[in-house]
Structure formats: C-alpha cells, structure tokens
Amino acid sequence: LAWLAEQGTVYDSVWAPIGKTMPSLASFWTGEFPLEHGAVSNPTVLTVPTWAESFQAHGYRTHAAVANRAISRGCGLEKGFESYQMLPKELEPSLPGALLDRARPHIDAGEPLMLWAHFMAPHQPYTPPEELARRFSERPLTPADNDALYAYHAQPETLDEATRQAIIGLYDGEILAAAGWVQELLTGLDAAYRGAGRGGLLDEATVVFFSDHGEELAERHGYFLHAKSLYRGVLQVPLVVAGRGAAVGRQSQPRSLLDVLPELLALEAPAREVWAASWQTEYYALRDARWTLIHNPTQDGGAGPFEPPRGVPYPYQSIELYDRSQDLYEMVNVAERHPAEVERMLGRMQAWYQATPQGEVTHIPGGDMRQRLYELGYLEFAHQVIAPWTVEQWKQAQE
C-alpha cells in the first residue's frame, strides 16, 4: 500500500456516508446517499442503477470477487458484473487468484476491463494469519472473536489498555494480510499486462483503493466494531488513486465516497462544502472542513442504534459538536460552548436532508442470503424515518 501511495494521489480526508458495508458500497457504486438509493442497511437490496452497469453498457468486461457475506449475490451490487464471486473470510486468500483468472483472457484480448476486489479484512473478528498475529503485539493471543468483542462492549470496565492494544495488534495483522492480497492482485495484473505486450498495469489502468468503513477500536463505550458509530474512526476512510490519469501527491480537500467514481470518470460531481452521513434514517452526522455535528433526533433514552451486540447501549446525545481542529478523534463534545456553530451546522444538516430524495427501502427476501445475514446478526431490521431537527426544534429543546 505504501508503494501504491507513492505512485498516485493520496486523499487525506474522505468520508463514508455510513459505517456499514452494504449501504456504504452501494453509495460508492451509485453516487447516492443511502437515503436516496434506499439500501440503508445490510438486510436491504439495492434497486437503483449502478456505475458497474454503465461500464458494462460501454463495452467493458466486468468481474467482481467479494469476501463479505453481507454483499452476497442478491444484494443488488452484483448488477453490471458478468461474474460475481463470493469468497467468504475463510477463503479470502484465494480471492486475488480467482479474480486474476477472470481477468487474464480479457487482458490478452485487449478488451476494456473493470475489476472489483473486495476484501473483508481488516474486520471483526480479528483473526489474522498465525504468522502475522504475533507481529504487532506483546500479547497477540488475546481472544478477538465476536463474542469477546461483544463482551467488552457490554462491560467496558473489564477492558484495560494493554488488552485493547493487544486486540488492535491483531487488527493491524489483518491490515497487513489484506495488504499482501492487494499486492498479489496488483502484481498479477501487472504481469498479465506486460505478458500481453501492453506495458505495465499503471500504464494501462487506473487503480482505486478505498475502504467502505473503519473500526471504532474501543475509543468509546468499549466498542471495537463499526455499525453503531458515526464518528471519525469509522467514517473517515482511506483513498488512493494511482495509474493512468492520476497525479502523484496528496489531496487535502475533503471528499465524499459518493464522488470518487464521478470524479474519476470526469463527470460532474457536486461541489460539496459539507459531508453527510446517517445511520439508516434515524441518526445523523454532518462535517465541514472543521466542525462535526452528531445528531440524535430519536429520543431513544440512550439506547443508540439497534446493531449487534443487541441490548448494549451506544448512546448519542441529541446534539454533539466536535471541533476537529483541536479534537481530531471527536472525543470532546463542545456543543454548549458553541451554540452559534450548532445552529449553523444544524441548519446545513436540515438543508441537506430536505435536498436529498428519499428512496424506496426494499428488504432482503427469505432464502440463503437472509440466513447468511441472520448468522452475521442482521436478521431484525425495523425501518423508521426520523428527520433531523430544525433549528427551531433545537431551540425549543434548549428551553
């Protein structure tokens, strides 16, 4: 990944629209917020057109290999791909080879090609290959399966800093494992292009490297995971664009994950001054170049989003304001000290919400995919729409 970054543009401030795999990737492939395309959670289906369908319509050969069961065939992301392989976490090391097998005939034939490789690692449970589990921690064998991570969220007082760092070491081992698979894929593609007499990969293709979300890593509430969080650790994601048409350097101007493909394809992308996110249609976040507003209009009594582990609170206050120029990790709520900024950001959030069309939400039907989502803890899904407060509602709540 360091090599890839040296060849292209590293984007320092890229924001995902949600901390959940299916809706975040749906936004990448459509250029729409989850509120718009309707795939607001993992147990939903993407029904609107995707950029992959546009590539296919323009004569590209299109292939995908993915490693997260939440985006199995039937979720809607397979649209536009002539092959769409699901290789779950235990088969993830075979993913680069499987995609290379699909790509080589098209490279040899000189056909236009669009590939998508989705690796689940790094992702809970944190179970890197054994040779990497000992790389980043003095206590690398600390259990980091889902049950252990859920238990720390349920009883955060049992998590000491040494254990937290040991678990993060396992997460880092998963990052290194995924980096190796990316290297295997890019090296194989480069060899295929050179073998076909077409020059190197970065002479012929554009490589886009990104993540759909991050991990909380127990920065708050003993929570290591992602789906409940609208904070920076989950929503700020990496992005590197290298190869044909990509400059070499860094880009500090914030970006939305929605705009990556439109910008890459030289299409008109919105000139955003704020970057919005939501958990389904109930909890909201809005960021500008300096401030972050987190908003809970649900009056949920501190329960927070309904995600695994169920019944463990992840509380959001009605209004939280963070000054990222002083508090990069969004840990100190300064809403009471800066009411003018709250009013300004809440007004911008309301404007964004009013300008965002509400898409139809389609639930995953019964069958194999529903069973897979049940195994991942996503069976129950209640969709309710709770709009952000207006400035007037916030002022009334202050009285």
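Ala247 lies in the loop that joins strand β6 (236–243) to strand β7 (249–251). Helices (H or I, at least four residues) and strands (E, at least two) are DSSP runs, numbered from the N terminus. The model is predicted: local features need pLDDT of at least 70, side-chain atom pairs count only at pLDDT 80 or more, and totals for chains, interfaces and linings use all residues. Residues are numbered from 1 along each chain as its sequence is written, and side-chain values use heavy atoms, without hydrogens and water. Leaving aside residues up to four places away in sequence, Ala247 touches Gly8, Thr9 and Val241; contact means heavy atoms within 4.5 Å. Val207 is 40 residues from Ala247 along the chain, and their C-alpha atoms are 12 Å apart.

Helix α5 (residues 95–109) has 15 residues. From first C-alpha to last, α5 reaches 23 Å, close to the 21 Å expected at 1.5 Å a residue. The expected span is 1.5 Å times one less than the number of residues. α5 bends by about 35° at Ala103, the bend being the angle between axes fitted to the seven residues ending there and the seven starting there. Pro105 follows within four residues. Buried residues (under 20% relative accessible area, 1.4 Å probe, protein chains only) of α5 include Leu99, Ala103 and Ile107. The buried residues of α5 pack against β2 (61–66), β3 (83–86), β4 (113–118) and α8 (161–195). Gly110 follows α5, with a positive phi near 70°.

In another contact, Pro339, Val342, Glu343, Leu346 and Gly347 of α12 meet Val391, Trp394 and Lys395 of α14. These residues divide into 5 nonpolar, 1 polar and 2 charged.

How values were computed
Nonpolar A, V, L, I, M, F, W, Y, C, P; charged D, E, K, R; others polar. Buried < 20%, exposed > 50% of the residue type's maximum accessible area, 1.4 Å probe, protein only.
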